Amino acid sequence: MGVLPKSEWASWSMFFEGTFSSPWYNKHKTELLGVLLAAASNLLMSVSLSIQKCAHLRLARQAELKPFYRSELWWCGAALLGLGELCNFTAYGFAPIALIAPLGCVSIIGSAFISVLFLKKTVRAADIVGGSLAVVGMYLLVTFAPNVPQELTARRIQKDLVSWTFLVYVILEIIIFCILLYFYKIKAVKHVVVLLMMVALLASLTVITVKAVASMIMLSAKGKMQLTYPVFYIMLILMAISCVFQVKFLNQAVHLYEARTVVPINFVFCTTSAIISGVIFYQEFQSAAFLSVFMFLFGCLLSFLSVFVIAVNKKEEHLQVPYIDCGCIPGQKLTGKIQPDSYGSCYGTLNNKDDSGKSQS
């Protein structure tokens, strides 16, 4: 490789000096750091999930079945997942909720393209279209994101917790959540919208507490101690509780419905809920112009579309399930294959559509 001439080095140095000393960069450098951390966290989580899936596939192909926690590859994915969650937590300390929450589409887009490298899948047209929409959407989100320069001190968080707008918002959320929980527990309504709406309501509380805890930790690291205030530990406890129940209802939705149905709806619901909570609790769009708000919402719409394009058109994959070949059973003339029903109560449940099974019985 040849060495760049001095003239080219000078031009590149002038470009970077002009970029990093521009008023726009000085105004948005904190938000850009949060965006980079959020994007990196979502990419790390995409890589980690692909590595863990690859580890499960390798274990399934082995003659001797081993638990997944004995796989070094699986632990590598788990470590990357933890690192990604840490980066995502830190990102909330640098950028507004309205900017970090929609960037979750990076994880879904990254999973689609990383699976091509790790799992040897083919690139689909939907992946390219969805990726293009995501890139344009993220550009609009970063460009027109709200700028919140005020420091989130413990005193300010205490003041916001007792503001009438937030109290009204919390009361409405509690009422809606109790109604949904009534239909879920008492009426046994387990529709995907009911489950994911409860997840979204919990997610709004999660992002508020995560941003508060992350901001107070960042200020304490800079020398402005905030960890001595009781509100820090209140937010920490609320964050843990909301995360646990959010995962509980999300796992229930994933168990009952296909991932291509759950993923896009959950992304839209949780992102919308997070943006609304940021607007109400942290007043993130308080002084924003109408054009900035419109373009930001348009970027969110493109991010939503990118997730729907990739996730909805994705086919569900299942591991091969052992079957019973009646041709190998002594005294049986039937040569068809009876597939076990995964939704049945016992192994070998016959499918109602299996006419051969009916005739044999």
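**Close-up 1. L83 in helix 3 of the predicted model, shown together with M45**. In this predicted model, L83 belongs to helix 3, which runs over residues 72–91. The residue counts as partly exposed because its relative accessibility is 40%. Although L83 and M45 are 38 residues apart in sequence, their C-alpha atoms lie 8.2 Å apart in space.

**Close-up 2. The salt bridge between D160 and R156**. A search of the whole structure finds 1 salt bridge, and the side chains of D160 and R156 meet in a salt bridge with an N to O distance of 3.5 Å. Both D160 and R156 are buried. The two residues are separated by about one helical turn, because they stand 4 residues apart in helix 7, which covers residues 154–161.

**Close-up 3. A nonpolar surface patch that includes F183 of helix 8**. The patch has an area of about 940 Å² and is made by W164, V168, I171, L172, I175, I179, Y182, F183 and I186. Among these residues, F183 lies in helix 8, and F183 counts as partly exposed because its relative accessibility is 37%.

**Close-up 4. The loop between helix 8 and helix 9, with A188**. Helix 8 spans residues 164–185 and helix 9 spans residues 192–221, and A188 lies in the loop between these two helices. The phi angle of A188 is positive, at about 60°, although this residue is not a glycine. With a relative accessibility of 54%, A188 counts as exposed.

Close-up 5. S204 is buried, because its relative accessible area is 0% and the term applies to values under 20%.

**Close-up 6. Helix 11 and the positive phi of Q283 just after this helix**. Helix 11 has 24 residues, and the distance from its first C-alpha to its last is 32 Å, close to the 34 Å expected at 1.5 Å a residue. Just after helix 11, Q283 takes a positive phi of about 50°, although Q283 is not a glycine. The residue is found in the loop between helix 11, which covers residues 259–282, and helix 12, which covers residues 290–312. Q283 counts as partly exposed, since its relative accessibility is 26%.

Close-up 7. C105 is buried, with a relative accessible area of 0%.

Key. Residues are numbered from 1 along each chain as its sequence is written. This is a predicted model: local features need pLDDT of at least 70, side-chain atom pairs count only at pLDDT 80 or more; totals for chains, interfaces and linings use all residues. Side-chain values use heavy atoms; hydrogens and water are left out. Buried means under 20% relative accessible area, exposed over 50%, partly exposed in between (1.4 Å probe, protein chains only). The expected span of a helix is 1.5 Å times one less than its number of residues. Patches are made of residues with over 30% relative accessible area and no salt bridge: like charges are joined within 9 Å, nonpolar side chains (Val, Leu, Ile, Met, Phe, Trp, Tyr) within 5 Å. Accessible areas come from the Shrake-Rupley method with a 1.4 Å probe; for residues, only the protein chains shown count as cover. A salt bridge is a side-chain nitrogen of Lys or Arg within 4 Å of a carboxyl oxygen of Asp or Glu.
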